[in-house]
Amino acid sequence: MDKQNQSDAIISPDTERKVRIPPGQHEVHNFPVLHYGSVPNVDTSKWTFRIFGMVEKERTLTYAEFASLPQIKVFSDIHCVTTWSRLNNLWEGVSTNALKELVSIKADAEFAIIHAEHGFTANIPLADFFEKDVLFATSFNRQPLTAEHGGPVRLVVPRLYFWKSAKWVTGVEFTEDDKAGFWESNGYHNHGDPWKEERFS
Ligand SMILES: Nc1nc2c(c(=O)[nH]1)N[C@H]1C(S)=C(S)[C@@H](COP(=O)(O)O)O[C@H]1N2
Ligand SMILES: [Mo]
């Protein structure tokens with residue numbers, strides 16, 4: 001993917017840095033597959049996306065309802081804490097900011113807890129979660145997102161290490177208090193900024 005051809009995409013600001021590889025990382029050209037457990041076989045006719053927690057009225061969307069939300073494209077880099085970085089990725093899907101049109105988030109909410117298949121969770125401060133380059137992706141490099149990379153729906157948070165980008169998402173919970181997610185409870189840093197090398201806790 002080449003940035004010049006992505007005029008309709010939101011450009012993740014880290015792709016405009018002079019040095020695009022953060023400290024301690026190296027560039028790869030393949031796309032490694034990493035996760036705990038097995039790849040779930042998600043049936044989109046049964047899949048639901050639940051928005052709950054600190055909202056005035058929780059909502060559950062079917063896949064058809066989710067897929068009919070406004071779509072955005074994001075051009076971004078990937079930085080995995082295991083030291084590989086993959087540049088120039090094009091994602092398409094639903095902006096996290098689109099959720100604000102679906103639910104009214106209470107003023108005291110501070111964190112998004114992303115829920116995924118097999119009970120996986122990831123915690124993200126709302127300031128990071130609602131950055132303009134964060135999306136629930138259903139497509140990668142103009143192809144439907146494969147199951148091994150998190151299809152049908154994964155989160156992509158370009159400015160944090162890739163473990164925050166939960167695969168096989170089933171919902172978002174808004175909370176006032178932070179709740180360490182799966183990797184955050186297993187030694188990874190609570191926040192995960194690759195430019196500050198927030199790798200482990
Ligand atoms: N549901 C779920 N999402 C997950 C994980 C996981 O174990 N379960 N691992 C994370 C980690 S540690 C990484 S590096 C990326 C890898 O995504 P990829 O397989 O598409 O490269 O997924 C993230 N999302
Ligand atoms: Mo990872």
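How much space lies in the largest pocket?

## Basis of the model

This is a predicted model, in which local features need pLDDT of at least 70 and side-chain atom pairs count only at pLDDT 80 or more, while totals for chains, interfaces and linings use all residues. Residues are numbered from 1 along each chain as its sequence is written, chains are lettered from A and ligands numbered from 1 in the order in which they are written, and side-chain values use heavy atoms, with hydrogens and water left out.

## The largest pocket

The largest pocket holds about 420 Å³ of space. A pocket is an open set of points on a 1 Å grid over the protein atoms alone, with protein on both sides within 12 Å along at least five of seven lines; lining residues have an atom within 4 Å of a point. A volume is the space filled by probe spheres set on the points, which are joined across faces, edges and corners.

Its lining consists of 26 residues, and Leu34, His35, Tyr36, Lys167 and Trp183 lie nearest the centre. By class, 17 lining residues are nonpolar, six polar and three charged. Here Ala, Val, Leu, Ile, Met, Phe, Trp, Tyr, Cys and Pro count as nonpolar, Asp, Glu, Lys and Arg as charged, and the others, Gly among them, as polar.

## Ligand 1

Ligand 1 takes the space of the largest pocket. Around ligand 1 there are 19 residues (each with a heavy atom within 4 Å), the closest being Pro32, Tyr36, His149, Arg154 and Lys167. This shell has 14 nonpolar, three polar and two charged residues.

On its own, ligand 1 has 530 Å² of accessible area (Shrake-Rupley method, 1.4 Å probe), of which the protein covers 99%.

## The cavity

The structure has one cavity of 30 Å³ or more; a cavity is a set of points where a 1.4 Å probe fits but cannot get out. The largest cavity contains about 40 Å³ of space. Its lining includes Asp77, His79, Phe162 and Ser165. Strand E5 (residues 72-79; strands are DSSP runs of at least two residues) gives the most to this lining, with three residues.

## Backbone geometry

Most residues other than glycine have a negative phi, and most peptide bonds are trans. The bond from glycine 151 to proline 152 is cis, with omega near 15°; proline 152 is in the loop between strands E10 (143-144) and E11 (154-156). Histidine 118 has a positive phi, near 65°, and lies in the loop between strands E7 (111-116) and E8 (121-125).

Note on methods. A molecule sits in a cavity or pocket if more than half of its atoms lie within 2 Å of its grid points. Helices (H or I, at least four residues) and strands (E, at least two) are DSSP runs, numbered from the N terminus.
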